[in-house]
Amino acid sequence: MVSITIDGKNFEVDEDNNLLQECLSHAMDLPYFCWHPSMGSVGSCRQCAVIEYADDNDEKGRLVMACMTSPREGGRYSLKGARKFRAQAIESIMINHPHDCPVCEEGGECHLQDMTVMSGHAYRRYDGKKKTHNNQYLGPFINHEMNRCITCYRCVRYYKDYAGGTDFSVQASHDNTYFGRWQEGAYESEFSGNLVEVCPTGVFTDKPFAKNYVRKWDLQTSPSVCTGCGVGCNTNPGERYGTLRRIVNRFNDEVNGYFLCDKGRFGAGYVNSEQRIPVSMTRDSHEADPVQIEPDAAKQALKDAAKGAIGIASPRASMEANFALRELVGEDSFYAGISAKELGMLNSIIDIYQNRPVNIANIKDIENSDAVLILGEDITNTAARMALAVRQSVKNLGRQMGADLNFPNWHDAAIRTLAMDRKSPLYILSPHATRLDDVAKSVHISSAAQSARIGLAIAHAIDNSAPAVKGLSKEEQSLVDEIAGTLKGAKQALIISGTSSMEPALLEAAANVATALNDGDSKANLALAVPESNSLGLALMMQGNEKALEQAMSSGSKKAIVLENDLYRRAASADVDTFIDGLEQLAVLDSLKNRTGEQANLVLAAATFAESSGTFVNYEGRAQHYYSTFKAVDSIRSSVSWLSDKSLNELNAECAAALPHCAELTHLTPGEGYNFAGLKAPRQPHRYSGRTAMRANINVHEPKQEQDENGVMVYSMEGVPAIKDASVFNSPWAPGWNSNQSVFKFQEFAGGPLKQGNQGKRLLENNVKDKPWYEPEIAGDSDNGFKVFPIYHLFGSEELSAFTPAIQEKATSAYIALNPADAEKLGLHSTDGVQVEHNGAVPFILRNSIAAGTVGVAVGLSGLNFRNIPGSIALDKAEDWQSPDNWKAANIIVSDRSAESGKGSAS
Amino acid sequence: MFKAIGKQIKIIWSQIVTLWLVFLHLFKKADTVEYPDVQPYMFPRWRGRIVLTRDPDGEERCVACNLCAVACPVDCIALQKTEDENGRWYPEFFRINFSRCIMCGFCEEACPTHAIQLTPDFEMAEYVRQDMVWEKEHMLINGTGKYHDYNFYRVAGKAIGGKGKGEARNELPPVDRRSLLP
């Protein structure tokens, strides 16, 4: 800490931060554009100018950019002195800015609007001609309106330097700078959506939102959690006129920070899907036509059906909903709606987190690691936010090099120039090339089982007491030694693995490596990705109760209740058919139409995350509460209120008391009695418009305010926005700061954690001192046919987001990926299809990185059903082949695509 | 007792005077206007019934920017933006609940395109309150209202049908992004 003087006032500031950050942290309104807490400073926009005085006698001072200045002990600065300069700077920035605000999607939450007003520039004096630009088509997610650009360079710094994208850059020169792709087309990066929030003005805007646009002040929002994968990023969905309009990032220092992946941001459109189940339906037999049933009668029918029924839970339903089902059917009849293998893997993750001396890594821990080993998990597609964090971790070498030379951490351009292409080590073991390969030190192509073996060998190389592995090739052994040496030498090593490969030994190998790295005081970071938003929560609920979907299907019960779960995505179709045919009564609660629901006798229209509240447990065992954004129509109710008569809070408390490790569940929200000066937290901003007209076409008499299920937030603009509790931290706003940049007003210091702490509570922790080892038995790879490994797609593989139109545009139908030599052996030409044994006929692509004799099968996409990945399959050329309509080869973005496969099959 | 009699006389005298004055008024010009047969003169800037106007090209002026709605102190304006195939913004619906409207004119002041304007018409009474809810088709007129020349899209940078990039007033042609010349 150093003490400085700003405009005659004394401040204690942190010398590691830049002056701009400290001014903002001390509640001074200093305008800026190019600085971003996650991306550091480059000093390009000249907007944060202040006067720095040499000493006490200096009266003139000199102009410096606050974002490029380290505060020095006894330094004297003035914000007021440079006010005129800042006004001139913004006036010149605004010379070419179009007269677009009324028709701009950024208007009302525009950082440029805020900064212009703040600098005092109100009238345009320039009456010359304005520069213009042509726009580009940038895919289904982002609109481009280049005229609005103020050349702050934040977009390229984010897209290229931060997110590692390669297909976007700055072009032309001088006055003509242009930010775009080399030619029109969809962004390749999985994180392009953050440009919407990174751009301080309206050059990049949310395309699906723009189609159905309303201003920020008209959105009813709530603190929510993403349902896209197991990372549990905090989101802020916005609703108007009964439809979900958009998702923006909600800051959580330990989880998503400032950024989301594109599935999280654009994948929630399924809430408005035409495939939604609008009303509850019933029928007497499987053959009869379903008839509509009133909500109260439907609830009674469900109660009747519950007698003697088994309950099949879901990894995408909240803790409270799953628990309500368990209460309804009884613990003995309660089954996890996932395969035994998946449940086993989730249980082993819980075991590792609890009984191994490892540090459970959150996203921030991942960013701060300086040596990373990824064991057989394609995190870009299964836990995308993790991949963005790994991209930051490889920059730690550069930061360290900078620190050694006394460069401040925020000095982005200097550190990048210093580091050049030197990066912290990242090792990837995977059956195919991944999107992170460009920042990896080495990529080793090996099957999941072989990766597990190599992982175990690395653990053994680090710590002799770990079980040894025999039969590695010379090349693999040298890789093992290299990785072991690197991880050992690292300050903070990180091991990443996950469940997507369905190889339990991988998790145990990862645990062994992390255990081996424990040297008493420091623990290695370990992050194990899980498939769905509440996978780990479901496993916590199933502790000591090994009842998976297979047991449910062979239980012989004649009645079943399925909670938010499409069984056809979890098991082979034939097995599910047999199970359902054997049932007399099948009740399904779901929000979207699917194959399981089509066969039910009773379908209850369930609410999505946007219309209900609950708790999800993410991959690190962090329980996070999400609040409903809006009330659905009366016929659609939350699963909790279908399954139980108890309130959400009662169920939450009972769930916390009944389940091991879950005591913290009751502390996630401030509780029913929450109020600030007698008021609850509002969902609507204080400028919310149209309240007396939006429903006036239905009835001019305004209805009573909707009541909330938790008693914490209200569906109203009346109330006090979250002051005390991070879980109620809604859309940020501060006077003069209408854009998302205002989040710094709620942080301990600009760019730091929220003053109210971080949302969510960790349910799992370990205090283990000794080093127990796993000794998994790894089955040898079979020699018959092609060895199979799964390929996931960020867009399309996940069940719910696949109903979103924008995601569908980026997704493709199922396919297989082959080595070119194998394709030649099979006699395949690029326009041919491949008949997959016991499965459908699908198109194929050629990838050079895939080892001969192995085949990658796309999972979760339409055309193939691979819930249980077999060891090997036979492939054949398909007869009478025609590629499906939704086959879009161009959407498969991989670096190792063999040139030949692109020709005929691309749509 | 004399006092009481004097008071009574005063009262009677007052009534006689009143009657006389009323009688005199029979021969004066009436102040009352025979409304509605005689219409009063309304000043052009009187704040009465709200209309939505069209630009000089005959297109809807409203771009659905929502500024009127947020300026409205009684929150009686609700609208939804949509756009045509060429990217021109316009309201999908535009609703004013006139039973709430206080004719303050803030919406007109807030409007960046001169679309919403208050007119001198004040005759808006209805027997049923529901009929005070007006939609776009009730408010949109075939004219420019008080401001004849302004055409927002001719000065905005956004391209719409019939106006490409660089074709608005005071604009240079689009830059060539493939050239490095200054």
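These legends go with several close-up views of a predicted two-chain model.

The model is predicted, so local features need pLDDT of at least 70 and side-chain atom pairs count only at pLDDT 80 or more, while totals for chains, interfaces and linings use all residues. Residues are numbered from 1 along each chain as its sequence is written, chains are lettered from A and ligands numbered from 1 in the order in which they are written, and side-chain values use heavy atoms, with hydrogens and water left out.

**View 1. Where chain B meets chain A.**
Here 47 residues of chain B touch 56 residues of chain A, contact being heavy atoms within 4.5 Å. The size of an interface is often given as the accessible area lost when the parts come together. For this pair the buried area is about 4,000 Å², and carbon and sulfur atoms give 51% of that; buried area is the accessible area (1.4 Å probe) that two parts lose on being put together, summed over both. Look for B:Asp75, B:Val175 and B:Arg177: they supply 17% of the area that chain B buries against chain A, more than any other three residues.

**View 2. Polar links across the interface.**
There are 3 salt bridges between chain B and chain A, each a side-chain nitrogen of Lys or Arg within 4 Å of a carboxyl oxygen of Asp or Glu. One pairs A:Glu702 with B:Arg100, with the closest N and O atoms 2.6 Å apart. On the side of chain B that touches chain A, strand 2 gives the most, with 5 residues. Helices (H or I, at least four residues) and strands (E, at least two) are DSSP runs, numbered from the N terminus. By class, that side of chain B has 26 nonpolar, 9 polar and 12 charged residues. Ala, Val, Leu, Ile, Met, Phe, Trp, Tyr, Cys and Pro count as nonpolar, Asp, Glu, Lys and Arg as charged, and the others, Gly among them, as polar.

**View 3. Strand 6 of chain A alongside strand 6 of chain B.**
These two strands run parallel and are joined by 2 bridges; strands pair if DSSP finds at least two bridges between them. A:Thr132 has B:Pro174 as its bridge partner.

**View 4. Strand 20 of chain A, mostly covered.**
In this strand (residues 371-375), 5 of the 5 residues are buried, meaning under 20% relative accessible area, with exposed over 50% and partly exposed in between (1.4 Å probe, protein chains only). In a regular strand the side chains alternate between the two faces of the sheet. Here A:Ala371, A:Leu373 and A:Leu375 point one way, A:Val372 and A:Ile374 the other way, and all are buried. Strand 20 pairs in the parallel sense with strand 23 over 4 bridges, where A:Ile374 stands opposite A:Ile496. Strand 20 also pairs in the parallel sense with strand 21 over 4 bridges, with A:Leu375 opposite A:Leu429.

Leaving aside neighbours within four places in sequence, A:Ser189 is in contact with residues including A:Tyr159, A:Asp262 and A:Arg435. The C-alpha atoms of A:Ala606 and A:Ser280 are 8.7 Å apart, although 326 residues separate them along the chain.

Most residues other than glycine have a negative phi, and most peptide bonds are trans. The bond from B:Tyr35 to B:Pro36 is cis, with omega near 5 degrees; B:Pro36 is in the loop between helix 1 and strand 1 of chain B. A:His661 has a positive phi, near 70 degrees, and is partly exposed at 29% relative accessibility. B:Ala64 has a positive phi of about 60 degrees, and is buried, with a relative accessible area of 0%.

Notes: Polar contact = N/O pair within 3.5 Å; in protein donor to acceptor, adjacent residues only side chain to side chain.
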